[in-house]
Amino acid sequence: MKKNFDLFMSQLAETNATLDFYTDFSKIRENVRSIEIKLNTLNYLIGKTDLAAAVKELWDNDKRVFSILDILIATRQDQHKKYLDDMGKAHLVHELLDSYEGVMKFLNETGLTDVLKNKDIKNLVDYVFGVEAGLDTHARKNRSGDITELLLHRILTANGIEHRMEVYSHEYPVLQKALGADEKRFDFVIETKRCSYLVEVNFYNGGGSKPNEVARAYRELSPIVNKVDGFEFVWVTDGQGWNSARNKLEEAYNEIDRMYNFESLSEFIKEIQSEL
């Protein structure tokens, strides 16, 4: 079938997000579970009018419970996170949690003292679950690639196409020899009677340098793979982010024989099925 770049661009999808993309509740649940005992202990502080005395009582009983205080201000334990004192000098936040005086400074200056005294939080376990849900939004960028791979996996499975995921080039000595010293991990390998298809898949919602870098890398990789008898390189890519890198994508499109988006992927699916 004759390639048509303008058609390819018109088919780019607006999103690759399924509903389970937005929040990873299993991860959130595990993060909360790992500190639940300490959170329940810190619940003792809620509603105490003399918070300093209550903190001292907990500190003397088991000071380790305060090691997780930073999650209450929507940060996780980070040995490098810093704050400025009144003189403009930087200090490590985690060092505050190593002493009773430091804990009180942390509570007072973050505003948590008033929050705890006023019972703005009813239960720290429930509160941290919500905090973790908010922090999880920062992980969406990393999940985008996983979701795109899962989407292709589901499509291949639904069409009865056996495949393997995350396959390294060293499994094929003749291919590794062509690639040289660099070992390559391919997202998918599909083996048919005719050849082994080495598939890369990605999705770009936004622009930036990454799409350009990937387009250049795959333009270089494709001819190397295709010269090895019994192997063909396939690139499945999608997303409106390519609109800001159209020129680089077009260069790749004209040089990579097998390049598809999720709309045109059906062409490749039919071809694979005819080779099984």
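This is a predicted model: local features need pLDDT of at least 70, side-chain atom pairs count only at pLDDT 80 or more; totals for chains, interfaces and linings use all residues.

Student: Which residue of β5 stands opposite E191?
Tutor: β4 and β5 run antiparallel and are joined by four bridges. A hairpin of four residues leads from β4 to β5. The residue of β5 opposite E191 is S196.

Student: Which residue in β6 does S196 stand opposite?
Tutor: Strand β5 (residues 196–203) is parallel to strand β6 (residues 231–238), with eight bridges between them. The residue in β6 that faces S196 is F231.

Student: How many of the seven residues of strand β4 are buried?
Tutor: On its β3 side, β4 pairs in the antiparallel sense over four bridges, with Y168 opposite R185. Buried here means under 20% relative accessible area. Strand β4 (residues 185–191) is largely enclosed by the rest of the structure, because the number of its seven residues that are buried is five.

Student: Are helices α10 and α11 roughly parallel or roughly antiparallel to each other?
Tutor: The axes of α10 (residues 209–226) and α11 (residues 246–255) come within 9 Å and cross at roughly 20 degrees. Angles under 35 degrees count as roughly parallel. The two helices, α10 and α11, are therefore roughly parallel.

Student: Which residues of α11 do N212, A215 and R219 meet?
Tutor: These three residues belong to α10, which passes α11 in a left-handed crossing. The contact comprises two nonpolar, one polar and four charged residues. The partners in α11 are K248, E251, A252 and E255.

Note on methods. Residues are numbered from 1 along each chain as its sequence is written. Side-chain values use heavy atoms; hydrogens and water are left out. Two strands pair if DSSP finds at least two bridges between them. Axes are lines fitted to C-alpha atoms, for helices over the stretch in contact, and angles run from 0 to 180 degrees between N-to-C directions. Angles under 35 degrees count as roughly parallel, over 145 as roughly antiparallel, 65 to 115 as roughly perpendicular and the rest as oblique. A crossing is left-handed if the near helix is turned anticlockwise from the far one by less than a right angle, and right-handed if clockwise. Contact means heavy atoms within 4.5 Å. Ala, Val, Leu, Ile, Met, Phe, Trp, Tyr, Cys and Pro count as nonpolar, Asp, Glu, Lys and Arg as charged, and the others, Gly among them, as polar. Buried means under 20% relative accessible area, exposed over 50%, partly exposed in between (1.4 Å probe, protein chains only).
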